[in-house]
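Biologist: I would like to learn how to read a few features of a structure. Please give the general idea, then the case at hand.

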Amino acid sequence: MNWLPWSRSRQAGTGFPVSAGSHGVAAGGSVIGSALGEGSQVTFVGTQHVTAAAAEVTWPVVVGQIPVLASAFQPRAGLRQVIGDALMSSAGASPSGYVMSGSGGVGKSQLAAAYAREALRDGTDLVMWAPASDVQQLLSAYAQAALLVQAPGYASSDPEGNARAFLGWLAATERSWLVVLDDVTDPDVVSAWCPDSARGTGWTLTTTRLKDPRLTGGGRARIDVDVYTPDEAEAFLHARLTGEVMDDLIDNQATALAEALGHLPLALGHAAAYIIREQTTCQDYLNQLSDRAASLDELLPHWADTERYGRQITATLLLALDATDRDPLGALAREALRITALLDPDGHPAALWNTPALTAHLTRAGTRPQDLNSTAPPPVTGDQARAALRLLDRYGLITHSPRADGHRSVRIHALTARAVRETSTGTDHATSALAAADALAQIWPDNDHTQREFAAVLRANSETLSVFAREALWTPSGYHAVLDRTGESLYKARLYSAGSTFWHTMTADCERILGSDHPATLTARANLADFYREAGRVGEAITIEEQVLADRERVLGDDHPDTLSSRENLAVSYGTAGKVEEVVDLLEQVVADRERILGGDHPDTLLARVNLAISYESSGQRLEEAFAIKEQVLADRERILGRDHPDTLTSRLTLAVSHCLADRTDLAIEIGEQALADGERILGNGHPDTLIVSLHVASFYGLADRAGEAVEVLEQVVADHERLLGSNHVDTLTIRASLAASYGATDRTSEAVDLSEQVLADRERILGSDHPDTLTNRHQLALFYWAAGRRDEAINLLEHLMADQGRILGSNHRNTRDTRDALTDCYQQQGRTEDAHSLVERALADEAIAAEQQVLADRERTLGHDHPDTLCARLCLARSYYRAQRHRESIEQQERLVAGQERLAGPDHPVTILTRGNLAYTLWIARHTQQAINLLERVLADQKRVLGTEHPDTLTSSRDLDHWRSASDEADQSP
């Protein structure tokens, strides 16, 4: 073979003077030795050798070195389908070339190499692989190709002319061809030197990190190359390790490992090589990867580059950052990348970059050294911040797609983010983190639970930031506001389990950083208790709150606002646990303290008085006093806040509830309807406070036998909750269950069944099969099945439910007993008398009665004889005695129950009258005939006076009394 020398070199200091303006392109004489545009590089070749052509061209011709495909290469079927569909389209519509764009390490060159090798196998006449990051290398490759194909116009002394001759040959030839331009860093190279197939016999494939419109000029189409799909990533690991006969290193964490590596082909290749060499399992490697103290270059070392990327992984991921530095926005872009690396890789809102916090921070970060003495550097605008993001997007360092991704419009690969963090200094890291935290707090909406998708994105970014920059979010005065907003958001979203975890971690960090007595630490502990209470962990909540109250009294003083709040919180938990007397004592103290410290008209004082009134009602005592307090608070709020203030509307609603409790349902409905109209007028139909009023109005309708109207209201409330909070929100599920109950009450049994089945499936998925709400839902559905005639299904569901309730709640829990009662009734109505009898016998075994006796004794000792929970326990024991046919003991308990109910609610309260009626029925069953008749006569007289002559209970008692008298007369007349 002959070597044909040619030279375009010259001595230093000779030749033309060349200059270019900002963003310009300059070349002296020819493009040899010149760089075209941003990001381009030059390899100056003083002497260029090309191989002389043979007399005849031997086809196929291969120019350049096509990379070897990686071990366990994944064919990327989805991406190839996109390109293949276009290639198979009509010639007139088919692009002349494709630009595969993607960040470093996603496998662009490997995919291009696969196309090149397939082209050779398919008989393509010319396949060319040309490194395109350097214009000189590209021109040299073109010149070599011109020689090999004997392009017309080829001249050994003119390499640039030869390159153009080659392009001319490509445009005119009828030979098939594929030209791959690998790793383009300068869009001008593509626009100036990209081949064109005028006859449609060839095509060009370009790989680049850039996203630049100049790349897709001239009929070229862009194909975005991303990471492997999860299936491709896992298939790669399996194929790579299996190929080395190391199947045993593949464990159940292979999927998790691929996910932790972000499905990045480069990282997966390094990780597989590391696992093979060190013979470690996927689980062990994942543990090392999760260790934030280890660097990427340690976990993905250079020797693991078995596929010849040629760089350390950190350098590969951040290679384009040097190019962005040369841009006028380079300093802003670098800082924007640093901030993005601290946030959720899955994306954050573009609105973050318009906040005062970030624009001010970027102003400081983007100040040039020569401007350091300036007292007021020009402020960075939101448009400039966006331009910096676009610059990073153009070089593949981030993805910025504000139109497509909504609240997650700025994304970054997790490994790129890690590489950025590892190359940031401590000071830069902390200041960037604070700026990001301030910006998140500034865009966080007050009622974020009505914007659930946005709220979820904000929480994810706050939590990611706190993981990677946790220490930066603490000062001697406490923790950053964005952490508090995160916890508040979890509470509003009813994510009690996640919130408990969040505040448990916060509490531990506060104690470690600030100390156990710091006010912020006490607040974190109080918040943890709130979540524990709402998650059903009431005992743990009370333990924490009692300690927090004691600590705040000691550290802050008895009259500090936080101390008063602790008393109120503890009262709420006591109420949840049924400790009514303790609730009243605490709230009476809180009211007195707030009146003394804040004054009687302060909003917090008014709220404390309402809570006290509610506690009076919950205790079943001082009902008139509770009503008077609520009336006075309503008057005070109207005077101080105005009739249309939300707190005033709430006062009207609480007063309506009091009327309802006093059986003044019509008045409760009147007040509730007015409160609803006011809420819709002032707050709007979809406001959370308006929805609460709607729920109460629906419940009032149900109690007034206006079930149809209740359904109408509940259907609208369900629609509003699904729109604002989502169909999976805990509150939405509760309201949907209420709607199902209303359907059942209006004989819309089929709809009740369908909705109850949906809610049950959702609760099992979201809350779990053992959650109390899920168990309640199963009981409701069983009753609907029975009403729909699906009796076998109803019995089967109740049987399994009773077993689960016995396991979870205990055999003597009220809900377990209700299920047992329902199942017994079902057995009896189905004629399964023996099953019913057996169930009763098992349920009312002596040990069960002994347990109920213990419950009653404990409640009498801790709560008092007349506490509602004590009376409830006595009722349960009396019922158990009755079912065990121990009538004497049942009558004894019922007599004490009647006396306690008379002291608690009064002799004319409907519940008292009902309790007295139950005693009469037990006396009749126990054959105390005359005593039963006498008592039922009194009950009937009370019902006529209190409930009215046409009330269903009154009519039932009247019929039963006639029957008893007749039966008694017949017994007396019998011999």
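Modeller: Start with helices: the expected span of a helix is 1.5 Å times one less than its number of residues. Helices (H or I, at least four residues) are DSSP runs, numbered from the N terminus. This is a predicted model, in which local features need pLDDT of at least 70, side-chain atom pairs count only at pLDDT 80 or more, and totals for chains, interfaces and linings use all residues. Residues are numbered from 1 along each chain as its sequence is written, and side-chain values use heavy atoms, with hydrogens and water left out.

Biologist: How far apart are the end C-alpha atoms of helix α4?

Modeller: They are 20 Å apart, which agrees with the 20 Å that 14 residues (159–172) should span at 1.5 Å a residue. Buried means under 20% relative accessible area, exposed over 50%, and partly exposed in between (1.4 Å probe, protein chains only). The buried residues of α4 include Phe166, Leu167, Trp169 and Leu170.

Biologist: How many salt bridges does a search of the whole structure find?

Modeller: Side chains of opposite charge can pair when their charged atoms come close. A salt bridge is a side-chain nitrogen of Lys or Arg within 4 Å of a carboxyl oxygen of Asp or Glu. The search finds 65. In one of them, Glu617 meets Lys630 at 2.9 Å, N to O. This pair links distant parts of the chain, with Glu617 in helix α25 (residues 603–619) and Lys630 in helix α26 (residues 623–640), 13 residues apart. Both Glu617 and Lys630 are buried.

Biologist: Which residue forms a salt bridge with Arg938?

Modeller: Asp942 does, the closest N and O atoms being 4.0 Å apart. Arg938 counts as partly exposed because its relative accessibility is 42%, whereas Asp942, at 10%, counts as buried.

Biologist: How many disulfides does a search of the whole structure find?

Modeller: A disulfide is a pair of cysteine sulfur atoms within 2.5 Å. The search finds zero. Cys510 is buried, with a relative accessible area of 0%, and Cys826 counts as buried at 5%.

Key:
Helix = DSSP H or I, 4+ residues; strand = E, 2+ residues; numbered from the N terminus.
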